[in-house]
Amino acid sequence: MHRLFVALPLPTAVRDQLAGLRGGLVGARWTAPANLHLTLRFIGEVEGPSVADAVDALDMIDVVPLTLSLKGLGLFGPSRRPGTLWAGVEGGAPLADLQRRVDAAIDGAGLPRERRRFTPHVTVARLKQSPDDRLDRYLAAHAGFTTPDFTVDTMHLYESRLGHEGPVYTSLGAFGALPAPTYGETFDEDGLDEETEPPVLAAVDGEVLATFDDRGRGRTSWGGPPSPWRDADIWPNAGRRNRRR
């Protein structure tokens, strides 16, 4: 089984600011700086084949760069015993629109539905029986917490596995705001970054094929977009390819 969620990673400078909030609360389990993120959709436990379904669904979403900021702290859970300390996220309509499209894509892939209403936040700590007076003082001391605006242009499908020192998140796919090729547009394969690749099956000798759409996606016999998980849709005799995200 794979425990999945879709999230936006945070820039290092923002994670450093959040790390400055650590300390001052008894029984708090602080989120490791490397694990700080903004969850767009929690998927939960799925079987192996559903990972490919999630990747294919998310790959159809046009990700636009988002301008975000963090502002204020809040609590989730019962008022007498809250369980989560979080930082609020301000992203306006573009963030809400991206989250709705992620929801629609994951629901359309037949994956587990999310019943909770989306509240943009970054989990800072999990709380265990922190004294009310100390928690009140902590929130008052950090009431003015805010970050400058920052830009995020990539979302990830993450798998969460529990390790000896807490959860370990592994990206199973990155979906970025990259320019799409158009008919006749060429690209220099030698000039590509090591971590990127040209559109899937969209070009020969650097030129986009006319049988592909303007996003570099081809027509297939099954009616959907080609994917690195389903090479046989276009090349029946093709061997397995490695998807590099």
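**Close-up views of a predicted model**

**View 1. Contacts across the whole chain.** Among contacts in the protein between residues at least 6 apart in sequence, 72% join residues at least 24 apart. Keep in mind that this is a predicted model. If you follow the chain through it, you will pass 4 helices and 11 strands. How many of the 245 residues count as buried? The share is 39%. The protein also exposes about 14,000 Å², and carbon and sulfur atoms supply 50% of that area.

**View 2. A sheet of 5 strands.** Here you can trace an open sheet in the order E2-E6-E5-E4-E7, with antiparallel pairing. Which strands are at the edges? They are E2 and E7, each of which pairs on one side only. Further in, E4 and E5 pair in the antiparallel sense over 6 bridges. To find one of these pairings, look for Phe76, whose bridge partner in E5 is Thr84.

**View 3. Strand E6 and its two partners.** Strand E6 covers residues 121-126 and is mostly covered, with 5 of its 6 residues buried. One partner is strand E2 (residues 29-30), which pairs with E6 in the antiparallel sense over 2 bridges. Look for Trp30 here: its bridge partner in E6 is Ala125. Another partner is strand E5 (residues 84-90), and this antiparallel pairing with E6 runs over 5 bridges. In that pairing, Ala87 has Val122 of E6 as its bridge partner.

**View 4. The two sides of helix H1.** Which residues of helix H1 (residues 12-19) are buried? They are Val14, Arg15 and Leu18. These three lie on the same side of H1 because they cover an arc of only 100 degrees around the axis. Turn to the other side of H1 and you will find Ala13 and Asp16, which are exposed. What covers the buried residues of H1? The cover includes strand E4 (66-76), E5, E6 and strand E7 (150-152). You can find these four strands again in the sheet of View 2, whose order is E2-E6-E5-E4-E7.

**View 5. A sheet of 4 strands.** This open sheet has the order E3-E1-E8-E9, and its pairing is antiparallel. Strand E3 (37-46) and strand E9 (166-176) stand at the edges with a single partner strand each, so one side of each has no neighbour in the sheet. Direction ignored, neighbouring strands of this sheet are turned by 25 degrees against each other on average. Strand E1 (residues 2-9) runs antiparallel to E3, and 8 bridges join the two. As a landmark, find Leu4, which stands opposite Gly44 in E3.

Notes:
Residues are numbered from 1 along each chain as its sequence is written. This is a predicted model: local features need pLDDT of at least 70, side-chain atom pairs count only at pLDDT 80 or more; totals for chains, interfaces and linings use all residues. Side-chain values use heavy atoms; hydrogens and water are left out. Buried means under 20% relative accessible area, exposed over 50%, partly exposed in between (1.4 Å probe, protein chains only). Contact means heavy atoms within 4.5 Å. Accessible areas come from the Shrake-Rupley method with a 1.4 Å probe; for residues, only the protein chains shown count as cover. Two strands pair if DSSP finds at least two bridges between them. The arc is that of the directions from the helix axis to the C-beta atoms. Axes are lines fitted to C-alpha atoms, for helices over the stretch in contact, and angles run from 0 to 180 degrees between N-to-C directions.
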